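Colleague: I've got this one open and would like a close look at a single part, namely how its last pieces pack together. Take it slowly, please, and say what your terms mean as you go.

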Amino acid sequence: MDGNNDKSFVKIEPKQEEEIYSHLQDNILVSNETFITIKDEITITAQCSKSLDNEELQQTDCGWNIKTEISNDNLASKYACIVFLACLRFETSKRKLQSLSFPALKRCAEQVMNEWTYTSSGPDYFDTEMDKEFLLDLRDLRVLLDKEKEHKSLVCACVKSALTSKAYSEAESCFRSYSRSILTLATSLHRVRELRNLFYDFSVILENWKHTIWSVNDLEIFLNAYTKCALSLDVLKEADLRQKWERYMTVVSNSLVTMYKN
């Protein structure tokens, strides 16, 4: 999607669209409120106008907000996810993502909302706003590239007894490809275009395992070991950098496992 495009589309299933539309018909209020609260709330406000039509949600450039009161918790979380994806204009229409179900996309989006948005509250912070300082600091994770051999040794020792011999052999021979795709993404997320392509980039990373015999459990074991073993390296000895690594990998690991299951 063109980064200059003013519209962002999120595909949802017909049954889900009908359910959301029927509830919104009776519950949409227009107000001049300036706050956004969409995480873990039933009352949802947004900075921009949203309209559901033909399985798509389109963002428009108007100065007033939508405030929605929804009694169903599950429906509220679906709507919150759609608002979040549209406000930040995440790319969800590329071919590699066409097979991704809405429930899987929702779980991935919720991970991003919970881990990568601002945790502070107040007029200067919105639930839909990404933590820009965190995304910039992720560039520091490139130090792990210099410790690739050491990291690989620790991970392979950790997963050897947990993976099948075939899966272990692939993990050992392809570790560089696995690791560099994950770290390259981390060092580029401060750029708006790369952030908008986040879910597409996840699908590209998963190409590493597309033609393997790895099960979902194998992938989960590897990613857990990959995350924990990095914490043993001296380059991540600083508490702040360790926290950023864990925060980053929480989203990456859970999203990759979710999309692999899908």
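Modeller: First, the axes: each is a line fitted to C-alpha atoms, for helices over the stretch in contact, and the angle between N-to-C directions runs from 0 to 180 degrees. Helices (H or I, at least four residues) and strands (E, at least two) are DSSP runs, numbered from the N terminus. The model is predicted, so local features need pLDDT of at least 70 and side-chain atom pairs count only at pLDDT 80 or more, while totals for chains, interfaces and linings use all residues. Residues are numbered from 1 along each chain as its sequence is written, and side-chain values use heavy atoms, with hydrogens and water left out.

The protein has 12 helices and five strands. Of its 262 residues, 48% count as buried, where buried is under 20% relative accessible area, exposed is over 50% and partly exposed is in between (1.4 Å probe, protein chains only). A contact is heavy atoms within 4.5 Å. Take the contacts between residues at least 6 apart in sequence: 76% of them join residues at least 24 apart.

Now to α11 (216–230). Its 15 residues should span 21 Å at 1.5 Å a residue, and the end C-alpha atoms are 21 Å apart, so the two agree; the expected span is 1.5 Å times one less than the number of residues. The buried residues in α11 are Asp-218, Leu-219, Phe-222, Leu-223, Ala-225, Tyr-226, Thr-227, Cys-229 and Ala-230. Their cover includes α5, α6, α7, α10 and α12. An α-helix has 3.6 residues a turn, so residues three or four places apart point the same way.

Start with α12 (239–261). The axes of α11 and α12 cross at roughly 170 degrees and come within 10 Å. That makes the two helices roughly antiparallel: over 145 degrees counts as roughly antiparallel, under 35 as roughly parallel, 65 to 115 as roughly perpendicular, and the rest as oblique. From α11, Val-216, Leu-219, Glu-220, Leu-223, Tyr-226, Thr-227 and Ala-230 meet Trp-245, Met-249, Ser-253, Leu-256, Val-257, Tyr-260 and Lys-261 of α12. By class, 10 residues of this contact are nonpolar, two are polar and two are charged. Nonpolar takes in Ala, Val, Leu, Ile, Met, Phe, Trp, Tyr, Cys and Pro; charged is Asp, Glu, Lys and Arg; the others, Gly among them, are polar.

Next comes α5 (148–159). α5 and α11 pack at an angle of about 135 degrees, with axes 9 Å apart. That makes α5 oblique to α11.

Helix α7 (residues 175–186) has 12 residues and reaches 17 Å from first to last C-alpha, close to the expected 16 Å. Phe-175, Tyr-178, Ser-179, Ser-181, Ile-182, Leu-183, Leu-185 and Ala-186 are the buried ones in α7, and their packing partners include α5, α11 and α12.

Back at α12, there's another partner: α3 packs against α12 at about 175 degrees, with axes 9 Å apart. The pair is therefore roughly antiparallel. On the α3 side the contact uses Ala-104, Arg-107, Cys-108, Gln-111, Val-112, Glu-115 and Trp-116; on the α12 side, Arg-247, Tyr-248, Thr-250, Val-251, Asn-254, Ser-255, Thr-258 and Met-259. By class that's seven nonpolar, five polar and three charged. Helix α3 itself has 15 residues and reaches 20 Å, close to the 21 Å expected.

Last, the connection. Val-235 sits in the loop between α11 and α12 and is partly exposed, at 25% relative accessible area. Leaving out residues up to four places away in sequence, Val-235 touches Val-143, Leu-144, Lys-147 and Leu-241. Its C-alpha atom is 9.2 Å from that of Asp-146, 89 residues away along the chain.
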